[in-house]
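Please read the following note with the sequence and the structure side by side. The points are numbered so that each may be checked in turn.

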Amino acid sequence: METLDVVLARHEFFRGLKPEYLAFIAGCARHSHATAGQYLFREGDEADRFFAVRKGTVALETFIPQRGAVTVQTVAEGDILGWSWLFPPYRWQFDARAREDVSLTVFDGACLRQKCETDPALGYELMKRLAHVVSERFESARIQLLDIYGAAARS
Amino acid sequence: MALPLAVDAAALLPRPFRVQRATRELADTWTLELVPRDGGGAIAFEPGQFNMLYAFGVGESAISISGDPQRPAVLVHTVRAVGAVTRALCGLRRDQTVGVRGPFGAGWPLELASGKDVLVMAGGIGLAPLRPAILDLLARRARFGRVTLLVGARTPDDLLYARQLERWRARFDLDVRVTVDSAGQDWRGEVGVVTKLTGAAQLDPRSATALVCGPEVMMRFAAQALLARGLPPEAIFVSLERNMRCAVGICGHCQFGPEFVCSDGPVFPYARVAALLQTREV
């Protein structure tokens, strides 16, 4: 059976991370599965975890009165899920629902924060990677706000 | 820019076509199937070309051809109602008459893509001008490498040709990925921007060809994503939209810097128009 650090090394988010870092943060991680329809977390709940999606798709949703649950983004294999564990008040901003059977690596948020404090070089490396993901998603959100498909186009 | 010394008068004269069928695609979008009413021949066309459709008594509008280039007997146009002319065109019903001039312009460079991976990327109504290219690619499938179709829309209800997308998705020789900006829980596709899908597309960026069509702002972001993926700007093709009037490169209404979109385009290599797309008020 593969150890966690070996599995982590194959994940897009952790690719290229030093083996000693992988071994170090693997101490905060465990494998997990969710079945289709299961919620990984709910808006307002304590954000104490960080997810690396290994297989399947997860929908980030919010509930709109009169309209129901609306999916604002999907994340899939190779993506990470959640950064609310990084910043106070450590509360999830959205619901996360498995759209199919999903395999994940789940990190204990407090443990990971502690490791980053203990080893600032590791912390900086992880924050750079997280910042890259956050900036990509921020850019995507901006494009979505532009409503780019609504602009006039020759039909 | 190629200015024609003489224009064939026939190119300026609409031919009457009969609406054989009008199909509602979306709340504001209709597909018209047209056949000649004047006893003349069908209009053969290249994928990516457009016709000028004349709603009698209202006006004329440039509309991309959306049909199968292998089956030109029935002329197919998908029209979104965004102004007076397109609203009138969307209001046409069976057996009514529409004027047709064309085909005009430079189409998608499918011969250039022969032997290569092809990425087709559509945003919203932009799937309509790409549909003939997709049908042509599939008709001659063995001549191309991996073919990927990326489609983005506002919501699942705004997806054009939804049934055809389902059929295409069932094929083993075409990778179809569809994303929307937001959706309810019953949506099984992806949610996010279409540009993000480029990362998952199976292609060799050193030799792939990308065909992109959608609103101009979407094409700008799409081109940036494709460049980031490693495609050279000359391998990315975009279909531009400007105010086409004469459609034969003489009136200048569609002038875009040194280019006439109607006759030099509407399909351009991104390398040729990248700077213009970044220039405001062109």
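1. In chain A, strand β4 (residues 58-64) pairs with β5(A) in the antiparallel sense, over seven bridges. Strands pair if DSSP finds at least two bridges between them; strands (E, at least two residues) and helices (H or I, at least four) are DSSP runs, numbered from the N terminus. Opposite A:Phe63 stands A:Ala69 of β5(A). The two strands form a hairpin with three residues between them, and A:Gln66 in the turn has a positive phi of about 75 degrees.

2. The model is predicted: local features need pLDDT of at least 70, side-chain atom pairs count only at pLDDT 80 or more, and totals for chains, interfaces and linings use all residues. Residues are numbered from 1 along each chain as its sequence is written, and chains are lettered from A and ligands numbered from 1 in the order in which they are written.

3. β4(A) is also joined to strand β7 (residues 95-98) of chain A by four bridges, and these strands run antiparallel. Here A:Leu60 has A:Ala96 of β7(A) as its bridge partner.

4. How many residues does each chain give to the contact? Chain A gives 21 residues and chain B gives 37, where two residues are in contact if their C-beta atoms, placed from the backbone, lie within 7 Å. On the side of chain A that touches chain B, the elements giving two or more residues are β5 (68-75) and α4 (120-146) of chain A. β5(A) gives the most, with seven residues.

5. Helix α4(A) has 27 residues and reaches 38 Å from its first C-alpha to its last, close to the 39 Å expected at 1.5 Å a residue; the expected span is 1.5 Å times one less than the number of residues. After α4(A) comes A:Asp147, with a positive phi near 55 degrees.

6. Which residues of α4(A) are buried? They are A:Leu122, A:Leu126, A:Ile143 and A:Gln144; a residue is buried if 20 or more other C-beta atoms lie within 10 Å of its own. These buried residues pack against α2 (19-26) and α3 (109-118) of chain A, together with α4 (216-229) of chain B.

7. The largest nonpolar core has 119 residues, and B:Ile236 and B:Phe237 are among those with the most contacts inside it. Such a core is a set of buried Ala, Val, Leu, Ile, Met, Phe, Trp, Tyr and Cys residues joined through C-beta atoms within 7 Å. Its largest share, seven residues, comes from α4(B).

Conventions. A residue is buried if 20 or more other C-beta atoms lie within 10 Å of its own, exposed if 12 or fewer, and partly exposed in between; C-beta atoms are placed from the backbone.
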